[in-house]
Amino acid sequence: MDYYYLATAILVAIIYYYRKYMKIVESVKHIPGPPILPFVGNALKFIGKTPSDLVTMGEEMIEKYGHFIRILLGPKIIIVMSTPEDIESFLVDGKTMEKSEEYEYTKDWIGEGLITSTGQKWFSRRKIITPAFHFGILQSFVDTFDCNGDIFVEKLKNRQSIDIFPFVVLYALDNICESAMGTKIKAQSNLNSDYVKAVEEITKLITRRHLILPLRNDFVFKITGFQAKQKKLLKTLHGFTDSVIIARRDEIIKNINNSGTNVKSSLIDILLKSSIDGKPLSNLDIREEVDTFMFAGHDTVSSAISFTLYNIARNAEIQRKLFEELCQVFGDDKQRPHTLKDLNELRYMELVIKESLRILPPVPFIGRKLKKDTVVNGKLLPNGADVVIAPLLMGQNSSIWKDPLSFIPERFELDNMSTLSPFSFMSFSAGQRNCIGQKYAMLEMKSLVSKVLMNFEIEVEPGFKLGLKPVIVLKPTGGIKLRLKDK
């Protein structure tokens, strides 16, 4: 008899789930996408696929179903859009959406900083952080890039063949740590730093949780031991940031009493001097924003610089033009410090960097979750759906870019871009939540690429094939292997 009741309960649960599932299917049946199987939707298509496979699958689905696609992973609705018109229509009203659950796995580290916060909290934080990227402060950041760039070049000398990616990661980590916290960790020289190791490990852990679906479950994450490892890493990361906040707070108080002392500003200093509704930010508030910049500011720039060097190494004529521009701006003095004015004059380099960002955007997908039913260009999207904006797929969209697979920096000349929607190029996102640090990032990229090309001729290692890992940040799966020739 017990078996009868159990079987009945299971049957009722299956019927309930199926009816609920069919309502979900009904809500998106007007949107093109692959055939939907009962209960699982399209989930079987993704089993056993590598991150690189996802790129190919995305390209194939766009070719078959267009640039506005519906995918069902069980009951989970995912809408992928990759045209400027749809994206602009979607982003125009930020009140209808919030960040997708993929960002949840970063919150233990970065809390509710600028990336993950919403509503009034996000607006208030954005307002007080904006001055960190004022012209005067950017110059001090450029000085930091220049100094760390010299160290980077020294590390590369006398090396004929190299995986450039890990070197760039440490360079970017040095820059963001000094810019965000006003302290030097010397990551390029001190590989045994506990903080440097913790940043590297927590980044790998977050990436792993995105790629391995069972680890997204909190219980599975705990019993596999990854949660304990994360707590240990966070103790190091948060402890370091907290100690810097306390030290910088004391230093600012001393400088108020000794007004003749001139201290280079960092993000942490601006936050320490800021208030919201007349109340100063707490140490936790400050830590959230500093850790957010540590997470976002080194990972994305590392990929952007590495991919740019890779694309330059593949195009000898573009490399020649870049070197000519560098000679016009810097002469033949490899040691002359780079100024903000110098970097702003590197106009062709900016075109090259943007073209690299178009083809290999550091943030391949931007995720949002709908808080209510939303209409996008006449298409009704149901409440609760995840919407994915795909810069990685947009860069290959021939309806936006002529000959999209060719590397043509000149396409970013103002005359050529004037006819395109501002939502055609999404490497720094767009709308009100665009990347606040895009000027910082562009200057950092220009600075290091300049240093490399003034000191080396670069080419791709023969036989090397670039593999991609598209998670929160697009990364090379097997590094980026280049050959260097000293100039």
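Residues are numbered from 1 along each chain as its sequence is written, and side-chain values use heavy atoms, with hydrogens and water left out. Because the model is predicted, local features need pLDDT of at least 70 and side-chain atom pairs count only at pLDDT 80 or more, while totals for chains, interfaces and linings use all residues. Helices (H or I, at least four residues) and strands (E, at least two) are DSSP runs, numbered from the N terminus.

Strands of a sheet pair through backbone hydrogen bonds, either parallel or antiparallel. In this model, five strands form an open sheet of mixed pairing, in the order β1-β2-β10-β7-β3; two strands pair if DSSP finds at least two bridges between them. The edges are taken by β1 (68-73) and β3 (97-99), each of which has a single partner strand, so one side of each has no neighbour in the sheet. On average, neighbouring strands of the sheet are turned by 30° against each other, direction ignored. Within the sheet, strand β2 (residues 76-81) runs parallel to strand β10 (residues 386-389) and is joined to β10 by four bridges. Val80 stands opposite Val388 in β10. Helix α3 (residues 84-91) packs on the sheet and touches β1, β2, β3, β7 (366-370) and β10, where contact means heavy atoms within 4.5 Å. The direction of α3 makes about 130° with that of β10; axes are lines fitted to C-alpha atoms, for helices over the stretch in contact, and angles run from 0 to 180 degrees between N-to-C directions.

Two packed helices are described by the angle between their axes and the distance between the axes. The axes of helix α8 (residues 194-211) and helix α12 (residues 283-313) cross at roughly 80° and come within 12 Å. Helix α8 is therefore roughly perpendicular to α12; angles under 35 degrees count as roughly parallel, over 145 as roughly antiparallel, 65 to 115 as roughly perpendicular and the rest as oblique. Tyr195, Val199, Thr203 and Ile206 of α8 make the contact with Met294, Phe295, His298 and Asp299 of α12. These residues divide into five nonpolar, two polar and one charged. In this division Ala, Val, Leu, Ile, Met, Phe, Trp, Tyr, Cys and Pro count as nonpolar, Asp, Glu, Lys and Arg as charged, and the others, Gly among them, as polar.

For helix α13 (residues 316-330) and α18, the axes come within 10 Å and cross at roughly 100°. Helix α13 is therefore roughly perpendicular to α18. On the α13 side the contact is made by Gln319, Leu322, Phe323, Leu326 and Phe330, and on the α18 side by Ser450, Leu453 and Met454. By class, this contact has six nonpolar, two polar and no charged residues.

Asn455 lies in helix α18 (residues 438-455). With 10% relative accessibility, Asn455 counts as buried; buried means under 20% relative accessible area, exposed over 50%, and partly exposed in between (1.4 Å probe, protein chains only). The side chain of Asn455 reaches the backbone oxygen of Lys451 at 2.7 Å. Not counting residues up to four places away in sequence, Asn455 touches Val153, Lys157, Lys334, Lys485, Asp486 and Lys487.

Among these residues, Asp486 stands in β14 opposite Phe456. Strand β11 (residues 456-460) pairs with β14 in the antiparallel sense over five bridges. Strand β14 (residues 481-486) also runs antiparallel to β4, to which three bridges join it. In that pairing, the bridge partner of Ser161 is Arg483. Ile162 is found in strand β4 (residues 161-163) and, at 5% relative accessibility, counts as buried. Leaving aside neighbours within four places in sequence, Ile162 is in contact with Leu156, Phe167, Ile480, Lys481, Leu482 and Leu484. Ile162 and Ile31 are 131 residues apart in sequence and, C-alpha to C-alpha, 47 Å apart in space.

Two loop residues have a positive phi. Lys186, which is not a glycine, has a phi of about 50° and sits in the loop between α7 (164-181) and α8. Lys186 counts as exposed, at 55% relative accessibility. Asp403, also a residue other than glycine, has a positive phi near 50°. Asp403 is placed in the loop between α16 (391-394) and α17 (414-417), and is partly exposed, with a relative accessible area of 42%.

Definitions and conventions. Polar contact = N/O pair within 3.5 Å; in protein donor to acceptor, adjacent residues only side chain to side chain.
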